[in-house]
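Hello,

Here is the structure I promised to pass on. My notes follow below it.

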Amino acid sequence: MGVRSSTWVTAVLVLLALTAVGTVVPAPVVALGPGPTFDTLGEVEGTPVVSAEGLPTYPTTGHLNMTTVGVTDGISTLRALGMWASGTYRLAPRWSLYPPGESTEQVTQANQQEFDGSIANAEAAALNHLHLPTRVTVGALTDGSPSAGVLEPGDEIRAVGATPVTSVQGLLDAMGAARPGQPVTLTVRRGDAAPRQVTVTPAAHPDDPARAFLGITPATSPAEGQKLTISLGDVGGPSAGLMFSLALVDKLTPGPLTGGRFVAGTGTIDAEGRVGPISGIRFKMLKAREVGAQTFLVPAANCTEAAEDAPDGLQLVRVGTLDEAVGALTTLDTGGTPAGCS
């Protein structure tokens with residue numbers, strides 16, 4: 001075999017070896033792209049995404065789709081390059097989503113906790129927007145909580161000492177006079193049992209040692225005999241909060257909020273109805289347009305980014321609060337033009 005032929009064979013063998021390695025060996029990256037989208041007014045596997053008991057509900061039309069970012073892990077180098085070249089996906093270091101020292105299960109659990117928090121905030125925001133009666137309940141206990149063994153998730157807190165509690169802010173205000181290490185009497189109701197008084201000795205707050213800390217996450221819950229349920233498995237993170245709140249508002253008020261339109265969107269939400277920014281808005285808009293959305297609700301803080309990448313035919317609507325989102329959809333339904341992104 002001549003030198004030229006030998007060189008050619010060697011090059012081919014090296015190329016084949018590199019191709020084999022690139023096909024089999026996982027790259028230290030994940031691919032981010034359009035993820036699943038779900039209509040919060042609809043059902044998933046026969047179960048309504050959003051439902052209410054003990055409250056009047058009304059028919060809805062159109063769509064209020066929550067959107068997600070898809071994460072593809074364990075991809076080969078060649079596949080990663082192909083996904084990047086397609087222009088639909090973005091590559092990110094794997095450690096940015098799966099930090100060293102944390103297992104995939106731990107990351108999934110943290111995402112689920114964020115999702116559960118977004119559900120609680122979505123319910124509270126909708127209840128406050130609709131001015132419905134509410135109760136203050138224990139949403140969760142923190143690790144090492146001074147309330148452990150005394151309070152449980154779901155307990156209703158009716159009073160701190162002699163001060164009645166009717167809102168989360170009311171609970172925080174009532175606890176303002178408490179001091180770490182000094183016992184506090186709470187009036188609590190658990191399930192169907194009669195209200196009773198319990199004593200908790202608060203710890204020092206991690207962020208302010210002078211403040212008393214019960215070690216609970218208070219939640220806003222519907223009045224007794226009423227229940228809101230948001231059911232959607234295999235989804236993590238907090239960015240569906242706005243769309244969950246809108247679905248609740250739509251189902252609990254007469255007349256379709258969408259006016260029959262296909263509306264999609266994204267955004268975190270807090271109990272007061274403030275809409276916060278999210279990541280991956282480009283991917284969410286692409287998926288929304290792909291499935292037929294005409295209008296996309298954009299958190300105000302994401303507007304500049306969204307305007308740069310908006311797909312053709314998708315109307316962007318800027319929202320900073322749940323009130324603004326409801327108002328924008330009402331404006332659309334009456335033929336007006338709500339605030340957009342520019």
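Among contacts between residues at least 6 apart in sequence, 70% join residues at least 24 apart. Keep in mind that this is a predicted model. The chain holds 8 helices and 20 strands. Its C-alpha trace spans about 100 × 55 × 40 Å along the principal axes. Of the 342 residues, 41% count as buried. The accessible surface is about 17100 Å², with 54% of that belonging to carbon and sulfur atoms.

Now the charges. There are 20 positive and 31 negative side chains. The centres of the two sets lie 3 Å apart. The count of salt bridges comes to 9.

One of them joins the side chains of Arg 135 and Glu 156, at 3.4 Å from N to O. This pair links distant parts of the chain: Arg 135 sits in strand β7, Glu 156 in strand β8 (residues 156-160), and 21 residues separate them. Arg 135 has 22% relative accessibility, so it counts as partly exposed. Glu 156 is at 9%, so it counts as buried. Arg 158 comes in as well: Arg 135, Glu 156 and Arg 158 are linked in a network of salt bridges.

A second bridge joins Arg 190 and Asp 155, at 2.8 Å from N to O. Here too distant parts of the chain are linked, with the partners 35 residues apart. Arg 190 lies in the loop between β10 (184-189) and β11 (196-200), and Asp 155 in the loop between β7 and β8. Asp 155 is buried, because its relative accessible area is 1%. Arg 190 is at 28% and therefore counts as partly exposed.

Arg 274 and Asp 270 also meet in a salt bridge, at 2.8 Å from N to O. Asp 270 counts as partly exposed, at 21% relative accessibility.

Back to strand β7 (residues 134-141), which also contains Thr 137. Is Thr 137 buried or exposed? It is buried, because its relative accessibility is 6% and the cut-off for buried is under 20%. What is Thr 137 in contact with, leaving aside neighbours within four places in sequence? The list is Gly 154, Asp 155, Glu 156, Thr 217, Pro 218, Ala 219 and Ser 221.

Last, helix α6 (residues 281-290). Its buried residues include Ile 281, Phe 283, Met 285 and Ala 288. Lys 284 and Lys 287 are buried there too. Just after α6, Gly 292 takes a positive phi of about 110°.

Best wishes

Terms used:
Residues are numbered from 1 along each chain as its sequence is written. This is a predicted model: local features need pLDDT of at least 70, side-chain atom pairs count only at pLDDT 80 or more; totals for chains, interfaces and linings use all residues. Side-chain values use heavy atoms; hydrogens and water are left out. Helices (H or I, at least four residues) and strands (E, at least two) are DSSP runs, numbered from the N terminus. Buried means under 20% relative accessible area, exposed over 50%, partly exposed in between (1.4 Å probe, protein chains only). Contact means heavy atoms within 4.5 Å. Accessible areas come from the Shrake-Rupley method with a 1.4 Å probe; for residues, only the protein chains shown count as cover. Lys and Arg count as positive and Asp and Glu as negative; His and the chain ends are not counted. The place of a charge is taken as NZ of Lys, CZ of Arg, CG of Asp or CD of Glu. A salt bridge is a side-chain nitrogen of Lys or Arg within 4 Å of a carboxyl oxygen of Asp or Glu.
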